[in-house]
Amino acid sequence: AERIAAEDLVLLKNDNVPGTSSPLLPADPAKLSNVVIVGGLANTVTLGDYSGDPALRVNAVQGITAAVKAANPSATVTYDACGTSTSATAAASCSTATQAAIKAADLVIVFAGTDTNVATEGKDRTTLAMPGNYNSLISQVAALGNPRTALVLQTGGPVDISGTQGDFPAIVFSGYNGESQG
């Protein structure tokens, strides 16, 4: 399951971190002391329509935390959904503590995309717009100015990021990649 999930990842963009000659990804977990993960989809395992009910479910927060802590036990991994969902209409809102952590982080990971509430068998999307309030999360995090921020799109189809793709040095796409998404 882990191999299939890893092979489902597509690196759409991996520019140098501003002010350096190195790309953001891959990030070396041993060199990370402060990681921030935002977006409700990071704490969810989205399986898709025909997946059954697996006994094991590892979401991105669990997997990233385990990898970082295994390499650097004293590292801090902060997670905040920031009030996001694919059906929310109110703007995303990261806490003051999360915003401060984002500004100081070695790596910030913004999770956005779709889930089966908006894209599933019999529920076709009529637009490529990012669903729910994820665009407001993306804008809020980008405005905080941490150049070590990656945008991760976990989605069952394309989403429009044309207005924000320049705000991130790295963008990763993932489909609904099974039970071990972390």
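The dialogue below goes through a predicted model, feature by feature.

Trainee: What should I know about the source before reading any values?
Mentor: This is a predicted model, in which local features need pLDDT of at least 70 and side-chain atom pairs count only at pLDDT 80 or more, while totals for chains, interfaces and linings use all residues. Residues are numbered from 1 along each chain as its sequence is written, and side-chain values use heavy atoms, with hydrogens and water left out.

Trainee: How many helices and strands does the protein chain have, and in what order do the elements run?
Mentor: Helices (H or I, at least four residues) and strands (E, at least two) are DSSP runs, numbered from the N terminus. Here the protein chain has four helices and six strands. Starting at the N terminus, their order is α-β-β-α-β-α-β-α-β-β.

Trainee: How much of the protein chain counts as buried?
Mentor: Buried means under 20% relative accessible area, exposed over 50%, and partly exposed in between (1.4 Å probe, protein chains only). By that rule, 45% of the 182 residues of the protein chain are buried. The accessible surface, from the Shrake-Rupley method with a 1.4 Å probe, is about 8,700 Å² for the protein chain. Carbon and sulfur atoms hold 52% of that surface.

Trainee: What share of the contacts joins residues 24 or more positions apart?
Mentor: Contact means heavy atoms within 4.5 Å. Among contacts in the protein chain with a separation of 6 or more, 74% are between residues 24 or more positions apart. Ser 174 is buried, because its relative accessibility is 3%.

Trainee: How do I read strand 2, and are its faces covered or open?
Mentor: In a regular strand the side chains alternate between the two faces of the sheet. In strand 2 (34-38), Asn 34, Val 36 and Val 38 lie on one side and Val 35 and Ile 37 on the other, and all of them are buried. Strand 2 is largely enclosed by the rest of the structure because five of its five residues are buried.

Trainee: Which strands pair with strand 2, and in which sense?
Mentor: Two strands pair if DSSP finds at least two bridges between them. Strand 2 pairs with strand 3 in the parallel sense over five bridges, and Val 35 has Val 77 of strand 3 as its bridge partner. Strand 2 also pairs with strand 4 in the parallel sense, over four bridges.

Trainee: Which residues of helix 4 are buried, and why are they on the same side?
Mentor: In helix 4 (residues 134-143), the buried residues are Tyr 134, Leu 137, Ile 138, Gln 140 and Val 141. They share a side of helix 4 because they cover an arc of only 165 degrees around the axis, taken from the directions from the helix axis to the C-beta atoms. Their packing partners are strand 2, helix 3 (96-104), strand 4 (107-113) and strand 5 (149-154). After helix 4 comes Gly 145, with a positive phi near 80 degrees.

Trainee: Which residues touch the most other members of the largest nonpolar core?
Mentor: In soluble globular proteins, nonpolar side chains tend to be buried together. A nonpolar core is a set of buried Ala, Val, Leu, Ile, Met, Phe, Trp, Tyr and Cys residues joined through side-chain atoms within 4.5 Å. The largest one has 24 residues, and Val 38, Val 110, Met 130, Leu 137, Leu 151 and Leu 153 touch the most other members. Two or more residues each come from strand 2, helix 3, strand 4, helix 4 and strand 5. Helix 4 gives the largest share, four residues. A second, separate core of 19 residues includes Ala 60, Val 61, Val 68 and Phe 111.

Trainee: Which cysteines form the disulfide, and what is its handedness?
Mentor: A disulfide is a pair of cysteine sulfur atoms within 2.5 Å. The structure holds one, joining Cys 82 to Cys 94 with S to S 2.2 Å. The torsion about the S-S bond is about 100 degrees, so this disulfide is right-handed. Cys 82 is buried at 1% relative accessibility, and Cys 94 is buried at 4%.
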